[in-house]
Amino acid sequence: MRQFGWTPKQWSALSVREKAVVIAGIDLGQEEEKKQQREAEAKARSHRRH
């Protein structure tokens, strides 16, 4: 939660639904980062072959 600047007290004050939305958003962001990393690696490999 450091990413959002939240204290543990602020995090605990969120409802279960709000926490679920935050966690889902983080998961989606991580998946997008992984996808971009894989694409960058594939592009780098294709440039090395030529």
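Visitor: What share of the residues of the protein count as buried, and what makes a residue buried?

Guide: Of the 50 residues, 4% count as buried. The word buried requires under 20% relative accessible area, exposed requires over 50%, and partly exposed lies in between, with a 1.4 Å probe and protein chains only. This is a predicted model, in which local features need pLDDT of at least 70 and side-chain atom pairs count only at pLDDT 80 or more, while totals for chains, interfaces and linings use all residues. Residues are numbered from 1 along each chain as its sequence is written, and side-chain values use heavy atoms, with hydrogens and water left out.

Visitor: How many helices and strands does the protein have?

Guide: The protein has two helices and zero strands. Both terms refer to DSSP runs numbered from the N terminus: H or I over at least four residues for helices, E over at least two for strands.

Visitor: What makes Phe4 and Trp6 a stacked pair?

Guide: The count comes to two aromatic pairs. In one of them, Phe4 and Trp6 have a centre-to-centre distance of 4.8 Å and 25° between the planes. Rings of Phe, Tyr and Trp (its six-membered ring) pair if their centres lie within 6.5 Å; planes under 30 degrees apart count as stacked, over 60 as edge-to-face and the rest as tilted. The pair Trp6 and Trp11 is stacked because its centres are 6.2 Å apart and its planes are at 25°.

Visitor: Are Phe4 and Trp6 buried, exposed or partly exposed, and how do you know?

Guide: Phe4 has 40% relative accessibility and therefore counts as partly exposed. Trp6, at 29%, is likewise partly exposed.

Visitor: What makes the contact of Lys34 and Glu31 a salt bridge?

Guide: The separation of their side chains is 3.8 Å, N to O. The term requires a side-chain nitrogen of Lys or Arg within 4 Å of a carboxyl oxygen of Asp or Glu, so the contact qualifies. The structure holds one salt bridge. Lys34 and Glu31 are three residues apart in helix H2, and therefore about one helical turn apart. Lys34 is partly exposed at 46% relative accessibility, and Glu31 is partly exposed at 44%.

Visitor: Why is Arg17 called exposed, and where is Arg17 placed?

Guide: Arg17 has 69% relative accessibility and therefore counts as exposed. Its place is in helix H2, residues 16-49. The C-alpha atoms of Arg17 and Lys34, 17 residues apart along the chain, are separated by 26 Å.

Visitor: Why is Arg45 called partly exposed?

Guide: Arg45, which is also found in helix H2, has a relative accessible area of 40%, and is therefore partly exposed.
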